[in-house]
Amino acid sequence: MNTPPPDSPPPLPEPQPPALPSAAVAADGREPEATPASRRAQRALELRAALLLLLMVLIIGVAVLYLMWVRGAFEATQKVYLTTDDSEGVVVGMDMTFSGFPIGRVSRIELAPGGTVRIQVDVPVKSAHWLRTSSVYTLEKGLVGAARLRAFSGILDDPPLPPNSERVVLRGDVSAEIPKMVADARDVLQSVNRLTGADSALYASLNQVRTFTERLNSSKGGLMGAVTGNDADARRVAELLDRTNQLVKNLDAVAVRVDGVIRKADSQVLGKDGLVPDAQAAVRQLNALLQDVRHTVVKADAVLKEVQGVASNANQATTNLGDLRADVEASLRKIDSLITEINRKWPFAPKDKEVKLP
Amino acid sequence: MTTGFSLYGWLLGVGRGVVRWLHGWWTVIFIGAQLVVLAFSPSSYGPDARRAVLRHVYYAAGPGLPGFTTLMALFNVVLIRILVVTAFAYGLTQYALDAVVRVLVLELIPLVAALYVAVEYTIPGGSELYKLRRAGGLDALRARGVEPLSHEVLPRVLAGMFAVLLLALLSCLISLALAYIAVHGFTLAGAASYNHAVGNIFNPMVSIIFCLKTLLFALAVALLPVANALRDISRRASRTSVELQGLVQMFVLMLVIEIASLVGNYY
């Protein structure tokens, strides 16, 4: 049995030579004479090809210029350095936004000598006025999407941020909070499980409430039966209520009688010939009496003033009497000294120098 | 007749296959290098050669440009609409533009443009060249003192590359405009945020990878069919034609380029 070798499939039909594009070359190697029509067609074709080349150059130029423009190659920028302890989520080229608008682009991330991460952000000068010295920078990483670098300027009146400033980035990582949140949720669920378990206090309380409501709805005693727990007590409470009702009625009658007494007392005290008008007249008389007493006192006061004047005069007279006495004593002393002098000068003077007054 | 398994024969077959594969790629690379040298030689752009290049440039890009651009615009509108509506539905509107630009401009359009040019121009051109070579046309040219590599091959390669670049770039620009209209509507109010988003996407690395990828697509599409036409590809056991084998080879190469670009962009 003859099997064809694998390297020799059935031959394909031999290709026919196509017309040579440049086969219009004569056998002697010279170009044949082109007709004017074919020359015009040739020139038109070349013109279209040249236009295509021009279009290509134009497209490349426009594309390059457009990309350079949108990449910010033609605008001046200033640098802001942000430092953080972890660069996770930060990539070169990501935006820094302010109120949702991109105002800068991360151009470099590097490790600082202190082990922190230094993020270089290029901010166009026309957008730099949104950044102030008091601006705050955050790096947030949500559950979905890339990390976001945001700037907040609370006080826009502060001085603008100088170029090449260095600021600290505050980090907020939602995904880092998830394990903690899950652990907390598990604790809560376990607590709920314990609360709702068959041996839990809540379950027992609900059972008691159910028993209470069953008693409440039962025909034996109703609310009283539910509150007191047995029928005898419920009956006694009902009797107590009846007696209380009777007591209230009696009290009502007493109140009516007390009301009559009060009305009589009112007429006696506040009536026309009652106690209060008499008391008012007595008070008026007492008032007149007090006025008389005041007049009497005024008069007594005047008498006392006069007595005081007499007393002062007597006092003055006493003072004058002392002076007179002193004068008399002085005169007597002078007379005594005069007699002494006469006796001393007078030879016949008795030895007894005593003067005897008549 | 019994045919037993022979390890020696199998290893020999594998070794020959590897050598053939390497030789094939070496031929492609060698022809590519020759063409690069010719492309950067001023002597390749004499009046006749320049005319030939212009003619091929027009045939490669001109006839297919309106149709391809229109079709791509329609395709863009549909795809942009799908992406934007999906993003809106999931509340991810801020990522809609990003997804549109990345999916369409960065990935799909260069690939589709390269495939279009391959199917429309370079593969038929390569087949034509192959038939010409098999018929002895290239030898005839050489006999007349005309270098077929610079006269017949270089214009096709340059034209193929040019066509891929032109179609891809034009469609990318149209796609960017359509994406803006799809997201913001007929207003200039969203221009600032749109420009910023586009600027964010086209960072230097992405831009370089995009340019390299498009250039490599163009090179692969333009060079492989021509290089395959200039060498004898051994027929395999299947009845796949030589042209189809070249096409598969080109697809594989484009796939490798695309994977490399994806790795560069997203890893």
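Predicted model: local features only at pLDDT ≥ 70, side-chain atom pairs only at ≥ 80, totals over all residues.
1. Strand β4 of chain A (residues 117-124) runs antiparallel to strand β1 of chain A (residues 77-84), and 8 bridges join the two. Within this pairing, L82(A) has I119(A) of β4(A) as its bridge partner.

2. β4(A) also pairs with strand β3 of chain A (residues 101-111), again in the antiparallel sense, over 6 bridges. Here R108(A) is bridged to Q120(A) of β4(A).

3. Chain B has 9 helices and 0 strands. Along the sequence, the pattern is α-α-α-α-α-α-α-α-α. Of its 267 residues, 38% count as buried. Among contacts in chain B with a separation of 6 or more, 86% come from residues 24 or more positions apart.

4. One helix pair in chain B can be described in detail. Helix α1 of chain B (residues 7-39) packs against helix α8 of chain B (residues 204-229) at an angle of about 115 degrees, and their axes are 9 Å apart. Because of that angle, α1(B) is roughly perpendicular to α8(B). The crossing of the two helices is right-handed.

5. On the α1(B) side, the contact is made by T27(B), V28(B), I31(B) and G32(B). On the α8(B) side, the residues are L223(B), L224(B) and A227(B). Sorted by class, the contact between α1(B) and α8(B) has 5 nonpolar and 2 polar residues, with no charged ones.

Definitions and conventions
Residues numbered from 1 in each chain as written. Chains lettered and ligands numbered in written order. Pairing = 2+ DSSP bridges. Helix = DSSP H or I, 4+ residues; strand = E, 2+ residues; numbered from the N terminus. Buried ≥ 20, exposed ≤ 12 C-beta atoms within 10 Å, placed from the backbone. Contact = placed C-beta atoms within 7 Å. Axes fitted to C-alpha atoms, helices over the stretch in contact; angles between N-to-C directions. Parallel < 35°, antiparallel > 145°, perpendicular 65-115°, else oblique. Left-handed = near helix turned anticlockwise from the far one by under 90°. Nonpolar A, V, L, I, M, F, W, Y, C, P; charged D, E, K, R; others polar.
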